[in-house]
Amino acid sequence: MKGLRIVLTVSEVSPELYAALEPVPARLRAERVRTLATIGLAAMGGGQPLINKPVVEAEAASANGKEPLAPGLPEKALGVARKLGGL
């Protein structure tokens, strides 16, 4: 399995993220950041599934002027983020 190692320092320069991570035990913070990043990717991707989503398909739909497959899902992703305390 491939992996990326990222050393991340979160300071009070990012007050929302800092506040969300401060109460989390140190050993669980990486998982919390992974969860928040996944929610952010889903929101940026229009709420579409992140796995097996060809970029070409998304670009072709926007080039053809088609409606998104599931309108309203970015709001759903943001709602989930709010419930988890990420926003």
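A residue counts as buried when its relative accessible area is under 20%. By that cut-off, 14% of the 87 residues of the chain are buried. The model is predicted. The chain holds four helices and zero strands.

**Fold and surface**

- Along the sequence, the pattern reads α-α-α-α.
- Take the contacts in the chain between residues at least 6 apart in sequence: 48% of them join residues at least 24 apart.
- The accessible surface of the chain is about 7300 Å². Carbon and sulfur atoms account for 62% of that surface.

**Largest pocket**

- Two elements give two or more residues each to its lining: helix 1 (15-21) and helix 2 (29-44).
- Helix 2 gives the most to this lining, with five residues.
- In total, 14 residues line the largest pocket. Ile6, Leu8, Arg29, Ala30 and Val33 lie nearest its centre.
- By class, the lining has nine nonpolar residues, four charged residues and one polar residue.

- Side chains of opposite charge can pair when their charged atoms come close.
- Which side chains meet in a salt bridge at 3.1 Å, N to O? They are those of Arg34 and Glu31.
- A salt bridge needs a nitrogen of Lys or Arg within 4 Å of a carboxyl oxygen of Asp or Glu. The Arg34 and Glu31 pair, at 3.1 Å, is counted on that basis.
- Arg34 and Glu31 are three residues apart in helix 2, so about one helical turn separates them.
- Arg34 is partly exposed, at a relative accessible area of 48%.
- Glu31 is also partly exposed, at 42% relative accessible area.

**Glu22 and the loop**

- Where does Glu22 sit? Its place is in the loop between helix 1 and helix 2.
- Glu22 has a relative accessible area of 49%, which makes this residue partly exposed. The class exposed starts over 50%.
- Glu22 and Val10 are 12 residues apart in sequence. In space, 9.5 Å separates Glu22 from Val10, C-alpha to C-alpha.

Conventions: Residues numbered from 1 in each chain as written. Predicted model: local features only at pLDDT ≥ 70, side-chain atom pairs only at ≥ 80, totals over all residues. Heavy atoms only, no water. Buried < 20%, exposed > 50% of the residue type's maximum accessible area, 1.4 Å probe, protein only. Contact = heavy atoms within 4.5 Å. Areas by Shrake-Rupley, 256 points an atom, 1.4 Å probe, with all protein chains shown as cover. 1 Å grid on protein atoms, 1.4 Å probe; cavity = no way out; pocket = protein on both sides within 12 Å on 5 of 7 lines; lining within 4 Å. Nonpolar A, V, L, I, M, F, W, Y, C, P; charged D, E, K, R; others polar.
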